[in-house]
Amino acid sequence: FYIYSINALLQIVNFFLIDSKNIVKEIKKNTFNIIISLIIIFISSTIYLSLPSFYIYENFDKKIQKKIAKDFKLNIKNIKGIQYSFFPQPHFIIEQSGLYFLNNDKNELANLKNLKVYVFMKNLQSVDKINIKKIYINKANFNLKLIDIKNFYKHLKEISNKKIQIKNSNFFYKNQNNEIISISNTKKLDYFIDKKKNQKKLNVLGNIFGTNLTVVRIIEIDN
């Protein structure tokens, strides 16, 4: 009985030893397959995200100008130089351009440098199908007259669910004689539609007449 018990115990131990070897082999095999799969996914994703780099940019400025006019009700003119980057999000960089309201293409609101146009990841393979997510303006000088301020309030009421974000920019308010009457510094300004609440929101963090202000304006949208 004693010998039988020892033999039975040895069989059990051998079983687990052999089985553990198989488990180790399977783990190594699966680990290799997982690594290969991750490499393929990484390379495929990088190639896909890089596709806009191969666009023919000869007429791309006109296409992106039309998309911005349609989605943001703004006119981008005198576009010079367009680059693309997919880090940290896919976006185009317009090196130089002029910003105008659609209903007033004579008064330039700002001469923009490195305007960033963020796009959704879907349909990056086609320049005609790309969908703009938001536009980002940084370190710009805006020149505004009374008519521009009126147009700005009209623009706030336009139905557009795309986000406009402005950071670290200056707003120069001028009179009819083109004289600067006030200057405000804006650390952050963005406005967008809150689809859940069906509201258009304007958030401003800046300095006006030496006073730091935080402004939140909500505009109800009529269905």
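Are F60 and F92 buried or exposed, and what does the predicted model show around them?

## The F60 and F92 pair

In this predicted model, F60 is buried, and F92 is buried as well. Their rings form a tilted aromatic pair, with 4.9 Å from centre to centre and 45° between the planes. Because F60 belongs to helix α2 (residues 60-72) and F92 to strand β2 (residues 91-101), the pair ties together parts that lie 32 residues apart in sequence.

The structure holds seven aromatic pairs, and ring pairs join F60 and F92 with Y55 and Y84 into a cluster.

## The F152 and Y191 pair

F152 and Y191 form an edge-to-face aromatic pair, for which the centres are 5.9 Å apart and the planes stand at 85°. This pair links distant parts of the chain, since F152 is in helix α3 (residues 146-156) and Y191 in strand β7 (residues 180-194), 39 residues apart. F152 has a relative accessible area of 24% and is therefore partly exposed, whereas Y191, at 5% relative accessibility, counts as buried.

## Lysines over tyrosine rings

K77 lies over the face of Y100, at 4.7 Å from the ring centre, and K134 lies over the face of Y118, at 5.1 Å from the ring centre.

## A nonpolar surface patch

On the surface, F32, I35, I36, I39, I40, F42, I43 and I47 form a nonpolar patch, which together has about 790 Å² of accessible area. One of these residues, I43, is found in helix α1 (residues 2-49), and I43 counts as partly exposed because its relative accessibility is 44%.

Methods. Residues numbered from 1 in each chain as written. Predicted model: local features only at pLDDT ≥ 70, side-chain atom pairs only at ≥ 80, totals over all residues. Heavy atoms only, no water. Patch = residues over 30% accessible without salt bridge, like charges linked within 9 Å, V, L, I, M, F, W, Y side chains within 5 Å. Areas by Shrake-Rupley, 256 points an atom, 1.4 Å probe, with all protein chains shown as cover. Salt bridge = Lys/Arg side-chain N within 4 Å of Asp/Glu carboxyl O. Helix = DSSP H or I, 4+ residues; strand = E, 2+ residues; numbered from the N terminus. Buried < 20%, exposed > 50% of the residue type's maximum accessible area, 1.4 Å probe, protein only. Phe/Tyr/Trp six-rings, centres within 6.5 Å; stacked < 30°, edge-to-face > 60°. Lys NZ or Arg CZ within 6 Å of the ring centre and 35° of its normal.
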